[in-house]
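Hi,

Here is the structure I promised to pass on. Have a look at it first, and then read my notes below.

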Amino acid sequence: MRLARRLRLVSIPAAVTAAVLLVSPAPFPVRQAVAGGLCGTLADELAAERAGLEVEWRVTLPIDHTQGGIEHVVFGDGLVIVQAGDGGVHAIMTGPVTPDGRCNPQVIWSTHLGSPGQPIVTASIGPDVILVPRGNELYALERSTGQVRWQRHMAHSPIAAPSVVDGWVYQPEGSATVLRIPTNPWRDTGVRGAAGTANRTSGTGRAAVAGDKARTGRGKPASKLTSAEKRARMKDTESLEPLHLNGGGIIERDMIPFGEGTLWTTRDGTIVSLQQGDRGWIREEFSLDSPQAGPLATRGSAIFATTTARDLARIDSLDAGAELRLAWRVLLDGRPEEDGPFVAGERIIVSLGDDGLRCYSTETGDLLW
């Protein structure tokens, strides 16, 4: 059986090439960038062909490679974000895919943030904004134009990427704190004072107000609200002031959008889930008993993790995140690499380096091949 794989390549003339393997519909960071010319890299069509890969497209980006090459490539929802050492942030719209599997990528904007040499943390792609940590600053860029919507100075330089979910940004600040701020700091919640609350995210006029009432169940007694209306009402009346959350340990890996909240892990292998419930926010923790070997993978309400103790485990999020429970755990016959696992449909694939790949069932944990 031949395994077909597609490779998207971002090409920088005279300096840097980054290869992006699309394996997940969710925003996925690719950290490896290859410095030097194209020859011998996966952007070289002959090298790609020998690896069983196909170069689908290349674009040229204005990067000053003397200040540093590509640091991170993040993709999701038809958008590719490239971060470079010179402070450049570039957005590539891949466009619709043709019947033969091709697309027409276009660079829709490029901007520069901070100064060369500052620490660069992976960006995150949201529905309306792109969040870019740079040094001690967190920038929110308009997804369509790259214009800075807002900028926030952080007390400590982040070491992991934020997540954007349901109107909130979750950004690790320092090593053990998570900063929560709204994607739109000016939306009206009815909680803050008059200053800065004139704008509403749902729009203005009677139609917007009527839509608000229908969505949040305003006017209904609390006992008659549906779960969705309770959560919407809580969101619409929640303070927009920055909130500093206890990370539960040192956070070194990127935040993950999960359910109606977010998910993160600590250095010692503790998974922390923060979800919005009917009556408030629900925080749940689960210990893997060993440090993670690679980032978490998610599929629906299931969480998959590998550990340095050679475990592969599935943890299920039950009752809207109110409980994290072990579904199954298997012992791998080798040490997992730091880039996985990867979920593809009902299969989860783990790389064991020189010992090859292993494929397991996401439902039972049984070894498939």
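A word on burial before the rest: a residue is called buried under 20% relative accessible area, exposed over 50% and partly exposed in between, with a 1.4 Å probe and protein chains only. Gln171 has 0% relative accessibility, so it counts as buried.

Some ground rules. This is a predicted model, in which local features need pLDDT of at least 70 and side-chain atom pairs count only at pLDDT 80 or more, while totals for chains, interfaces and linings use all residues. Residues are numbered from 1 along each chain as its sequence is written, and side-chain values use heavy atoms, with hydrogens and water left out.

Back to Gln171, which sits in strand β14. (Strands are DSSP runs of E, at least two residues, and helices are runs of H or I, at least four; both are numbered from the N terminus.) The side chain of Gln171 reaches the backbone oxygen of Ala160 at 2.9 Å. That is a polar contact: a pair of N or O atoms within 3.5 Å, where within protein one must be able to donate a hydrogen and the other to accept it, and residues adjacent in sequence count only if both atoms are side-chain atoms.

Which strands make up the sheet around β14? It is an open sheet of 4 strands in the order β13-β14-β15-β16, with antiparallel pairing. β13 (163–165) and β16 (243–246) are at the edges with a single partner strand each, so one side of each has no neighbour in the sheet. Neighbouring strands here are turned by 25 degrees against each other on average, direction ignored. (Axes are lines fitted to C-alpha atoms, for helices over the stretch in contact, and angles run from 0 to 180 degrees between N-to-C directions.) β13 pairs with β14 (residues 168–173) over 3 bridges, in the antiparallel sense, and Ser163 has Tyr170 in β14 as its bridge partner. Pairing here takes at least two bridges found by DSSP between the strands.

A second open sheet of 4 strands has the order β17-β18-β19-β20, also with antiparallel pairing. Its edge strands are β17 (256–258) and β20 (281–287), each of which pairs on one side only. β17 and β18 (residues 261–265) run antiparallel and are joined by 3 bridges; Pro257 has Thr262 in β18 as its bridge partner.

Next, β23 (residues 311–318), where 7 of the 8 residues are buried. β22 (residues 302–306) runs antiparallel to β23 and is joined to it by 5 bridges, with Ala305 partnered by Ala313. Their hairpin has 4 residues between the strands, and Arg310 takes a positive phi near 70 degrees in it. β23 also pairs with β24 (residues 323–331), antiparallel over 8 bridges, and here Ser317 has Leu324 as its bridge partner.

A cavity is a set of points on a 1 Å grid over the protein atoms alone where a 1.4 Å probe fits but cannot get out, and lining residues have an atom within 4 Å of a point. The lining includes Gln83, Leu113 and Ile120, and β10 gives the most to it, with 3 residues.

Cheers

Technical notes. On a 1 Å grid over the protein atoms alone, a cavity is a set of points where a 1.4 Å probe fits but cannot get out, and a pocket is an open set with protein on both sides within 12 Å along at least five of seven lines; lining residues have an atom within 4 Å of a point.
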